[in-house]
Amino acid sequence: MMTEAKFQPTPAAKLGRRELLRIGLATAAAGMVMAPEVSEAALRAPPRQLVLLNLHTGERVRAEYWSKGRYQRDGLREINHLLRDHRTGAVHPIDPKLLDLLHALTRKVGSKTPVHIISGYRSPESNAWLREQDGSGVAQNSFHMQGKAIDLRVPGLPLRTLQRAALSLRGGGVGYYPDSNFVHVDVGPKRHWAS
């Protein structure tokens, strides 16, 4: 039976441990050096703000929803409330990826006016009711029910221009509804359609 006093690691084993320790320390040091760069970049990035008008309620919001590298709880709360189901009053978290897509879209088209919201979050009850009214344009498992879709228009901007801008971002689904005067965008799979 070997006792602790008799156990002597070989020089190769000592070297392996030292090397491992050196690599571990170097990796940790590299991580500490890189982390502030990422944080600095996020801190320097301009804040993201949305200006929205809910056409059903008449409510308007100007909310900074992302700044200093983080989504801002108060801004998200304001947007979630504005994009609630106007039929039931149900509020649901809107996917931040959708907000980022909407922000990119408004920047791309150079919108200076509030984006007009036709539909944001839609409760399952509202979605079922809309399907009964006109099932052709309302998906049974709509991304609206997950807070991942929005129907909108931008005053003064041709609808076709808005649709083309949304398609160019390749952020998800884009639906073109000229008869109803809105464009649908979602953060689901990339696809497009027109009604």
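Colleague: Which residue in S3 is the bridge partner of Ser67?

Modeller: In S3 that partner is Arg70, and S3 pairs with strand S2, residues 60-67, in the antiparallel sense over two bridges. Strands here are DSSP E runs of at least two residues and helices are H or I runs of at least four, numbered from the N terminus, and two strands pair if DSSP finds at least two bridges between them. This is a predicted model, in which local features need pLDDT of at least 70, side-chain atom pairs count only at pLDDT 80 or more, and totals for chains, interfaces and linings use all residues. Residues are numbered from 1 along each chain as its sequence is written, and side-chain values use heavy atoms, with hydrogens and water left out.

Colleague: OK, and what is the order of the strands in the sheet?

Modeller: The open sheet has eight strands in the order S3-S2-S1-S4-S5-S7-S6-S8, with mixed pairing. Its edge strands are S3 (70-71) and S8 (191-194), each of which pairs on one side only.

Colleague: What about S7, how many of its residues are buried?

Modeller: Five of the five residues of S7, 182-186, are buried, so this strand is largely enclosed by the rest of the structure; buried means under 20% relative accessible area with a 1.4 Å probe, protein chains only. Phe182, His184 and Asp186 are buried on one side, while Val183 and Val185 are buried on the other.

Colleague: And which strands pair with S7?

Modeller: S5, residues 149-153, pairs with S7 in the antiparallel sense over four bridges, and there Asp151 stands opposite His184. S6, residues 173-177, also pairs with S7 in the antiparallel sense over four bridges, with Tyr177 and Phe182 as bridge partners. The hairpin of S6 and S7 has four residues between the strands, and Asn181 takes a positive phi near 60° there.

Colleague: Switching topic, which residues touch the most others in the largest nonpolar core?

Modeller: Of its 31 residues, those are Leu52, Ile79, Leu83, Ile117, Ile150, Leu152 and Val185. The largest share of this core, five residues, comes from helix H3, residues 96-109. Such a core is a set of buried Ala, Val, Leu, Ile, Met, Phe, Trp, Tyr and Cys residues joined through side-chain atoms within 4.5 Å.

Colleague: Last one: is Ser123 buried or exposed?

Modeller: Ser123 counts as buried because its relative accessibility is 2%, and this residue sits in the loop between strand S4 (115-119) and helix H4 (124-134). Ser123 and Asp85 are 38 residues apart in sequence, but 6.3 Å apart in space, C-alpha to C-alpha.

Terms used. Buried means under 20% relative accessible area, exposed over 50%, partly exposed in between (1.4 Å probe, protein chains only).
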